[in-house]
Amino acid sequence: MKTLFVTIALCISTLGFTQNETKNTITVVVENFTSNEGKAAIALHTADTFMRGAGIQNLEAKIIDGKATFTFENVNPGEYALLVLHDKNENNRMDFEENGMPKESYGTSNNTRSFGPPIYDDAKFNVDKDLEITIRL
């Protein structure tokens, strides 16, 4: 009887851990590229990585008819933000004018616009299921 109880308890606890490890997929369509020239780059960020370097997942895609589609897989539930760059000259970084203004188009999740650098709190979203997001540059 004791063995049966322990076996049932272990099965229930294992099921509980399995449910907490659900990974999600985020599909992102980026629209409004000014040309198909270059490539599209996107990064999935946490508050710790946002505007501080590479994201926790980074993807690139070809731009076709002014759009690019990305799929982030195996994303843990939590809070994230997206940064997108139209890397026209494919140098893997954003280029700036002498006055500090970006030469290349960029966008963020929630399609926020600000004067100055993107702000994490404006771009953040929660992941607790599979998502489909559209970003306009």
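Tutor: Happy to! Two strands pair if DSSP finds at least two bridges between them; strands (E, at least two residues) and helices (H or I, at least four) are DSSP runs, numbered from the N terminus. Please keep in mind that this is a predicted model, where local features need pLDDT of at least 70, side-chain atom pairs count only at pLDDT 80 or more, and totals for chains, interfaces and linings use all residues. Residues are numbered from 1 along each chain as its sequence is written, and side-chain values use heavy atoms, with hydrogens and water left out.

Let's start with strand β2, residues 39-45. Over seven bridges, β2 pairs with strand β5 (residues 78-87) in the antiparallel sense. With strand β3 (residues 57-61), β2 also pairs in the antiparallel sense, over five bridges. Alanine 40 shows both pairings: its bridge partner in β5 is histidine 86, and its bridge partner in β3 is alanine 61. Strand β2 is largely enclosed by the rest of the structure, because six of its seven residues are buried (buried means under 20% relative accessible area, exposed over 50%, partly exposed in between, with a 1.4 Å probe and protein chains only).

Now follow the bridge from alanine 40 to histidine 86, which sits in strand β5. Histidine 86 has 0% relative accessibility and therefore counts as buried. Taking contact as heavy atoms within 4.5 Å, and leaving aside neighbours within four places in sequence, histidine 86 touches Phe33, Thr34, Ser35, Glu37, Lys39, Ile63, Glu104, Ser105 and Leu137.

Next, the loop between β2 and β3, where phenylalanine 50 lies. A pair of aromatic rings is described by the distance of the centres and the angle of the planes. Here, rings of Phe, Tyr and Trp (its six-membered ring) pair if their centres lie within 6.5 Å; planes under 30 degrees apart count as stacked, over 60 as edge-to-face and the rest as tilted. A search of the whole structure gives one aromatic pair. The ring centres of phenylalanine 50 and tyrosine 120 are 5.5 Å apart and the planes stand at 70°, so this pair is edge-to-face. Tyrosine 120 belongs to helix α2 (residues 120-123), so the pair links distant parts of the chain, 70 residues apart. Both phenylalanine 50 and tyrosine 120 are buried.
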